[in-house]
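Reader: I am new to this structure and would like a close look at one part of it, taken slowly.

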Amino acid sequence: MSKSKNESYKPERGCLLTGAIILVGISGLISLVAALGENGFKTTELSPWFIALAVGAAIADIIAAIGLWGWKKWAYYLYLGATIVSIVLGLLLTGSALFAFSRIIPFAIVGYIILPKWKFFE
């Protein structure tokens with residue numbers, strides 16, 4: 001069956017893109033649990049703003065994964081914002097540049113996987 005020209009064609013995600021999107025969501029869930037868990041940030045003497053930004057970045061990762069699943073461009077930009085916030089918070093918390101690389105590398109990999117299919121994102 002052929003699609004009419006009026007119908008928008010969405011390519012198949014494929015295993016690689018599906019896995020990347022799932023990992024973005026899982027990463028957000030892990031970050032959320034780490035921030036709010038029993039041994040998370042709430043047991044430390046961090047500023048409430050720090051904790052709120054960490055939770056917000058984790059929730060943004062989860063929302064970004066949902067948006068990427070729905071082929072939305074804004075979701076990748078949201079993922080970028082959450083990554084930047086996570087990097088800043090991680091640098092403030094740990095003082096190690098390795099933390100920045102631990103957030104930049106997954107973002108770059110997801111971007112590389114999305115790049116060939118970027119034209120299909122709305």
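Which side-chain oxygen reaches to the backbone nitrogen of Leu98 at the start of H4?

Author: This is a predicted model, in which local features need pLDDT of at least 70 and side-chain atom pairs count only at pLDDT 80 or more, while totals for chains, interfaces and linings use all residues. Residues are numbered from 1 along each chain as its sequence is written, and side-chain values use heavy atoms, with hydrogens and water left out.

At the start of H4, the oxygen belongs to the side chain of Ser96, and it comes to within 3.2 Å of the backbone nitrogen of Leu98. Helices here are DSSP runs (H or I, at least four residues), numbered from the N terminus. With 18 residues, H4 reaches 26 Å from its first C-alpha to its last, close to the 26 Å expected at 1.5 Å a residue, where the expected span is 1.5 Å times one less than the number of residues.

An α-helix has 3.6 residues a turn, so residues three or four places apart point the same way.

In the loop between H2 and H3 lies Trp71, which has a positive phi of about 60° although it is not a glycine. Most residues other than glycine have a negative phi. Trp71 is buried as well, with a relative accessible area of 6%.

Methods. Helices (H or I, at least four residues) and strands (E, at least two) are DSSP runs, numbered from the N terminus. A polar contact is a pair of N or O atoms within 3.5 Å; within protein, one must be able to donate a hydrogen and the other to accept it, and residues adjacent in sequence count only if both atoms are side-chain atoms. Buried means under 20% relative accessible area, exposed over 50%, partly exposed in between (1.4 Å probe, protein chains only).
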